[in-house]
Amino acid sequence: MENVRYSLKRMAEVLGAGPKVVAEALGKKDGFTPDDLAAAREKLRKVPGHRPLRVQLFLNFKGGTGKTSLSTSYAYRLAERGHRVLMVDLDSQGHATKCLGQEGSVARTLHDVLIRKVPIAEATVPTGMPGLDLVPSNLAMSTIDLALMPLAGREFRLRKALEEISGKYDYVVMDAPPSFGLLNLNALMAAGDLVIPVLADFLSYDGLRLLFETVQGLEDDLSHQLEHIFIVVNAYNQTFKIAREALEALRTHYADYLLASVVRQCTKFAQASSEGWPIFAFDPDSKGAGDLEAMIDEIEERTGAAQAAAGAAGA
Ligand SMILES: Nc1ncnc2c1ncn2[C@@H]1O[C@H](COP(=O)(O)OP(=O)(O)O)[C@@H](O)[C@H]1O
Ligand SMILES: [Mg+2]
């Protein structure tokens, strides 16, 4: 993502500073890089305080609901806001890895971490966006459920691995594969917050029941309680009656979990991922980026992340 460029207008928006101030701080008026953004943050003293680590998992057992598109853009945007973020790609298809511009050779994956106990820091690579690191994935991850099976503490390995880096990041954001197995169980056991992207159709609605049963099982059998569960409707098209009805059903039956912000259908997601850029880098003025921004604000508010940070800074 080194070739991501920011306009002066966007720099000013991201930093919450006037364009003049930004231009003066960096001595130029356009073609700002992600490194420029980080440098301006330092110079203008706009670096947010460290936050208590939140581990957040984007999961749905159904494919194609937007786990990868939303989680990668979410992680990128948090880093853009100045937070220290680790994105963990759990899917052997490596889509999150590609969405963050990391094509080609991947030296290590979570497979090495969970099976061979390689420290997670050794499987972590920078993304070109300061503040955003990545544990990449590739086909080596496809056999991980089998490899985990005979191991001691097989459900807790990811949680353990993340304990090593708890002071280094404010957020760990994980993009899950659409499967039901030991890796996703590890991810659920490591997570504090679960974000479930769903499409506004009735198949997604059925899938939710399975997911909630699984979460209930975790509580009963492994005594792991998630702090927050958020359902976010993605790729919403309100011109379809079926979509409006499905959204209504979600509002009725999952009121406690459903986010008020809905991510509308937006072709920019596909274009952005084919460039290996999150939507905020590709087109921050698109409706997809705007909807995601609202989703992030809502999650921050509901988790109390911003308040917790303010409290920690004052302590
Ligand atoms: N809000 C959206 N509007 C339009 N297309 C979307 C949206 N979100 C995701 N997509 C597209 O839907 C497809 C599946 O999304 P993806 O994030 O890969 O889902 P998952 O990771 O759940 O399988 C991709 O082609 C992606 O570009
Ligand atoms: Mg995916």
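What percentage of the 315 residues of the chain count as buried, and which elements give two or more residues to the side of domain 1 that touches domain 2?

Analyst: This is a predicted model: local features need pLDDT of at least 70, side-chain atom pairs count only at pLDDT 80 or more, and totals for chains, interfaces and linings use all residues. Residues are numbered from 1 along each chain as its sequence is written, while chains are lettered from A and ligands numbered from 1 in the order in which they are written.

Of the 315 residues of the chain, 43% count as buried (20 or more other C-beta atoms, placed from the backbone, within 10 Å of the residue's own). The chain has 15 helices and seven strands (DSSP runs of H or I with at least four residues, and of E with at least two, numbered from the N terminus). Along its principal axes, the C-alpha trace spans about 55 × 50 × 45 Å.

The domain assignment, automatic or from a database, gives domain 1 (1–47) and domain 2 (53–314). Their C-alpha centres lie 28 Å apart. Domain 1 brings 11 residues to the contact and domain 2 brings 12, where contact requires C-beta atoms, placed from the backbone, within 7 Å. On the side of domain 1 that touches domain 2, α1 (8–15) and α3 (34–43) are the elements that give two or more residues. The largest share of that side, four residues, comes from α3. By type, the residues of this side of domain 1 comprise six nonpolar, five charged and no polar (Ala, Val, Leu, Ile, Met, Phe, Trp, Tyr, Cys and Pro are nonpolar, Asp, Glu, Lys and Arg charged, and the others, Gly among them, polar).

Definitions and conventions: Buried ≥ 20, exposed ≤ 12 C-beta atoms within 10 Å, placed from the backbone. Contact = placed C-beta atoms within 7 Å.
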